[in-house]
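Student: I would like to learn how to read a helix and its surroundings. Could we go through one together?

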Amino acid sequence: MSGVGPISQDWEPVVIRKKAPNAAAKKDEKLVNAARRSGAEIETVKKSTAGTNKAASSSTSLNTRKLDEETENLTHERVPTELKKAIMQARMDKKLTQAQLAQFINEKPQIIQEYESGKAIPNQQIIGKLERALGVKLRGKK
C-alpha cells in the first residue's frame, strides 16, 4: 500500500443459513407436535424390522431346530498324545525351553505350550517347523 487515497473495502456481505432439516430432524417429536397443532398433514410409516438385527432374527428358528436335531458331538481335532510327548522329548534332548524353541521357529511361546499340553489344533506348517528345528520326524509312522 502506498498510503495514497482513502482505503476502501469491496467485501461482499456473507449470509450464513442453517441447513434444511434432515429426515431425523423432521421426525423430531417437537416438530411433529408443532405440525399437529398447526393442523398440517402428518404421515407416519411403521417399519416391520426397525431396530432389530434382521439377519439374526430371521434365521434363528431354523438354526435352533438344526442344533436340536444334531446328535453328533462336534469338536476340533486336538494334538495326539504321541505327538505332544514326542515334541517334549525332542525339545528336552536339545536342551531348549519352550520359549527358545518358539523363538527358533518364529512362533509365540504359547503355541509350543499348547502343543505340549495337547490343547492346540494341529497345523501341518507348525509341525513341519518343529520337525526341522528339533531334527525329529513327528508326522507319520516311525
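Tutor: Helices here are DSSP runs of H or I with at least four residues, numbered from the N terminus. This is a predicted model, in which local features need pLDDT of at least 70 and side-chain atom pairs count only at pLDDT 80 or more, while totals for chains, interfaces and linings use all residues. Residues are numbered from 1 along each chain as its sequence is written, and side-chain values use heavy atoms, with hydrogens and water left out.

Student: Which residues of helix α8 are buried?

Tutor: Buried means under 20% relative accessible area, and exposed means over 50%, with partly exposed in between (1.4 Å probe, protein chains only). In α8, which covers residues 124-134, the buried ones are I126, I127, G128, L130, E131, A133 and L134.

Student: Why does E131 count as buried?

Tutor: E131 counts as buried because its relative accessibility is 15%. Leaving aside residues up to four places away in sequence, E131 touches V136, K137, L138 and R139, where a contact means heavy atoms within 4.5 Å.

Student: What is found at the start of α8, and what follows the helix?

Tutor: At the start, a side-chain oxygen of N123 comes to within 3.0 Å of the backbone nitrogen of Q125. After α8 comes G135, with a positive phi near 70°.

How values were computed. Helices (H or I, at least four residues) and strands (E, at least two) are DSSP runs, numbered from the N terminus. A polar contact is a pair of N or O atoms within 3.5 Å; within protein, one must be able to donate a hydrogen and the other to accept it, and residues adjacent in sequence count only if both atoms are side-chain atoms.
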